[in-house]
Amino acid sequence: MPAVFFKGKDFPLEVREMKQPVPVKDQVLVKLHMASLNHRDYWVRNEQTVTSDSGIILGSDGAGVIEAIGEEGDPSSVGKEVIINPSLEWGKDPAYQADSFKILGYPDNGTFASWILISKKYIHDKPEHLTLEEAAAVPLSGLTAYRSLFTKARLRPGEKVLITGIGGGTALWALQLALNFQAKVYVTSSSREKIKRAMELGATAGFDYHETNWPDEAKKVTRGFDVIIDSAAGPQFKNLLEAAAPGGRIVVFGRTAGDIATVPPRLIFNKQLTIHGSLMGTRDEFLSMLDFIEKKNIKPVIDSTFPLEKIEEAFERMKSGGHFGKILLKP
């Protein structure tokens, strides 16, 4: 069984064989058909350390077929095509994750492998309209986008939504979810080609965030955005306050541009803005997300697929910023 092992930020990734695991108690063994890469994997490998000498298996997203079950499991589930919820041990409060919360792939073994052992409570039926390849592109990004739009921002049909940094998996899921909720969606990017592709998917317009006056241009077109979904933060975050409509809601779920340097308080209180942080989501949100994409027949945008042995090439593709959609890994 080939798997990608991470031993710490100062060590190269290792692709090596490991024995097929055996499920116990409430566990299931899933033969993974496909996994997908997230920015979280990039941050983990560049920032974290591992205490185990053997390392851990990276990867939060995956889909496959149940191959074996532990004690007291349902024998009829063997052979079922499933998708994995990577949001582990959320806790009882839907507003905020408990101290026990973890994301699959660090510190627990993840999906960059041929098999995964996981509790049956994190396994769900694959949406019928998706292939296993497409299903692997859903979990982390789809859940993050769903919670950001509907739980945090409380999006309403007809509202104007701005999604920053279009091209990444979560941004594209936010685009598709919002469009299918009858919102009017706009995007930002430094790439005209990505803006064009977003408009082909249904976005109304896009703005180049390298242009210093883009918030003014956006306000001329929209009179401000009701909802802004941001994955970047960084020094330009204040531009989002400028671009927001009075009463607007801004949701931050990432930090690809680094820390927020300055936030003019006058814009927040004068416009009555609300700024939310969002991270992953609950089991109920995961199930609601799957139900929504199945009812609306939404499919993920796929950028490229790499064999597991070429994990470094997949990371380089993500690091380059040239991708548009999810990067898949084939065990």
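A salt bridge here is a side-chain nitrogen of Lys or Arg within 4 Å of a carboxyl oxygen of Asp or Glu. The legends below describe a predicted model.

Close-up 1. Lys-295 is exposed, at 66% relative accessibility. Asp-291 is partly exposed, with a relative accessible area of 37%.

**Close-up 2. Salt bridges with shared partners make a network.** Glu-89, Lys-102 and Asp-108 are joined in this one network.

**Close-up 3. Asp-61 and Lys-326 pair in a salt bridge.** The closest N and O atoms lie 3.4 Å apart. Asp-61 belongs to strand E5 (residues 61–69), and Lys-326 belongs to strand E18 (residues 326–330). The pair therefore ties together parts that are 265 residues apart in sequence. Asp-61 and Lys-326 are both buried.

**Close-up 4. Glu-242 meets Lys-219 in a salt bridge.** The N to O distance between these side chains is 3.9 Å. Glu-242 comes from helix H7 (residues 237–243), and Lys-219 comes from helix H6 (residues 214–222). This contact therefore ties together parts that are 23 residues apart in sequence. Both ends are partly exposed. The relative accessible area is 27% for Glu-242, and relative accessibility is 29% for Lys-219.

**Overview. The model holds 17 salt bridges by this rule.**

Key
Residues are numbered from 1 along each chain as its sequence is written. This is a predicted model: local features need pLDDT of at least 70, side-chain atom pairs count only at pLDDT 80 or more; totals for chains, interfaces and linings use all residues. Side-chain values use heavy atoms; hydrogens and water are left out. Helices (H or I, at least four residues) and strands (E, at least two) are DSSP runs, numbered from the N terminus. Buried means under 20% relative accessible area, exposed over 50%, partly exposed in between (1.4 Å probe, protein chains only).
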